[in-house]
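Hello,

Here is the structure I promised to pass on to you. Have a look at it first, and then read on for my notes on its pockets and helix contacts.

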Amino acid sequence: MDDTAFIESRIKDLANKAYQNDYVTHTDFLSVSDQAGLHDAMARLGVPRNSCRYNGTEFVLWGGYDEAERKICAFLPSWLGGESFLSQETNAPEVVSCLHISPVQAKFADKLTHRDYLGALMNLGIERGQVGDILIDNADSSAYCFILKGMAYYICKELCRVKHTTVLAKEVPPTECLVRPEFEEREGSVASERLDAVLAFVYRLARGKAQELIEREAVIVSGRTAVSGGYALKQGDRVSVRGFGKFIYEGAVSQTKKGRLYVRVRVYKS
């Protein structure tokens, strides 16, 4: 069974269980590319792009906070609407938990990174799909990790070391996590919203170099490998460029007298 058929089968199975048994069902955490595949599968199943309902069942994407990158897709029972589900998950999570993992002695701790925390979790035998976003608090190298609720107790009990640092993990309300990805906002003029033009602006490249990155399949737009520099970026598109970083395209904010577009992007800080 190929990936497309598997995703469609999974959607049908989870939606049917939620509808027939009247309880919440959900996927594992989905990467940006997985979410793109999910939307494609929904479209093939006849779900309109702006709809959140399949076969009589409402569904919602959630990752523990509003701007999460990795998200689960939850299919809801008849008695629970999308807004109620999100309110419940924010205040008393039943699906996505938030763990605060911090050095026991911050003064002597290593400077821990996203890779360090993810590696420590994987070393416990946890699958990648059970772990969502990991946000690092640079003030003390602690981390807020969004994980599937069923893994919270196990991680809090078993995780005692990250790299060479002794740590303590505890479950906290998602609202306690005030750390968010940091961005640098940039604005500038481009000839059009073509992908190659915006790449050249964001990373100060020659247009030919931007096109070369696309031809090398080094550019991912909203989970899909870019195949043409002529792709017109849309507001909200997330662009990842191997070796350069990633940014969110915020769209055109004005037009110059000469017809060039003044665009805005948010570039992730490393």
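Let me start with the second largest pocket, where H2 and strand E12 (224–225) each supply at least two residues of the lining. Please keep in mind as you read that this is a predicted model. H2 provides the largest share of that lining, with four residues. The volume of the second largest pocket comes to about 660 Å³. Its lining is made up of 22 residues, and those nearest the centre are Arg49, Ser222, Gly236, Asp237 and Arg238. By class, the lining of the second largest pocket holds eight nonpolar, seven polar and seven charged residues.

Now to the largest pocket, which has a volume of about 1,300 Å³. Here 39 residues form the lining, and His114, Ile134, Lys246, Tyr268 and Lys269 are the ones nearest the centre. Which helices and strands each supply at least two residues of this lining? They are helix H2 (32–44), helix H4 (114–122), strand E6 (131–137), strand E13 (238–241) and strand E14 (245–255). E6 gives the most, with five residues. Sorted by class, the lining of the largest pocket has 14 nonpolar, 11 polar and 14 charged residues.

Helix H1 (residues 3–21) meets H2 at an angle of about 70 degrees, and the two axes are 9 Å apart. H1 is therefore roughly perpendicular to H2. On the H1 side, the contact is made by Thr4, Ile7, Glu8 and Ile11, while H2 brings Gly37, Leu38, Ala41, Met42 and Arg44. Five of the residues in this contact are nonpolar, two are polar and two are charged.

The other helix pair I wanted to show you is helix H6 (residues 195–203) with helix H7 (residues 207–215), whose axes come within 8 Å and cross at roughly 115 degrees. The crossing of H6 past H7 is right-handed. H6 contributes Leu195, Asp196, Ala197, Leu199 and Ala200 to the contact, and H7 contributes Arg207, Ala210, Gln211 and Ile214. Counted by class, six residues in the contact of H6 with H7 are nonpolar, one is polar and two are charged.

Best wishes

Terms used. Residues are numbered from 1 along each chain as its sequence is written. This is a predicted model: local features need pLDDT of at least 70, side-chain atom pairs count only at pLDDT 80 or more; totals for chains, interfaces and linings use all residues. Side-chain values use heavy atoms; hydrogens and water are left out. Axes are lines fitted to C-alpha atoms, for helices over the stretch in contact, and angles run from 0 to 180 degrees between N-to-C directions. A crossing is left-handed if the near helix is turned anticlockwise from the far one by less than a right angle, and right-handed if clockwise. Contact means heavy atoms within 4.5 Å. Ala, Val, Leu, Ile, Met, Phe, Trp, Tyr, Cys and Pro count as nonpolar, Asp, Glu, Lys and Arg as charged, and the others, Gly among them, as polar. On a 1 Å grid over the protein atoms alone, a cavity is a set of points where a 1.4 Å probe fits but cannot get out, and a pocket is an open set with protein on both sides within 12 Å along at least five of seven lines; lining residues have an atom within 4 Å of a point. Grid points are joined across faces, edges and corners, and a volume is the space filled by probe spheres set on the points. Angles under 35 degrees count as roughly parallel, over 145 as roughly antiparallel, 65 to 115 as roughly perpendicular and the rest as oblique.
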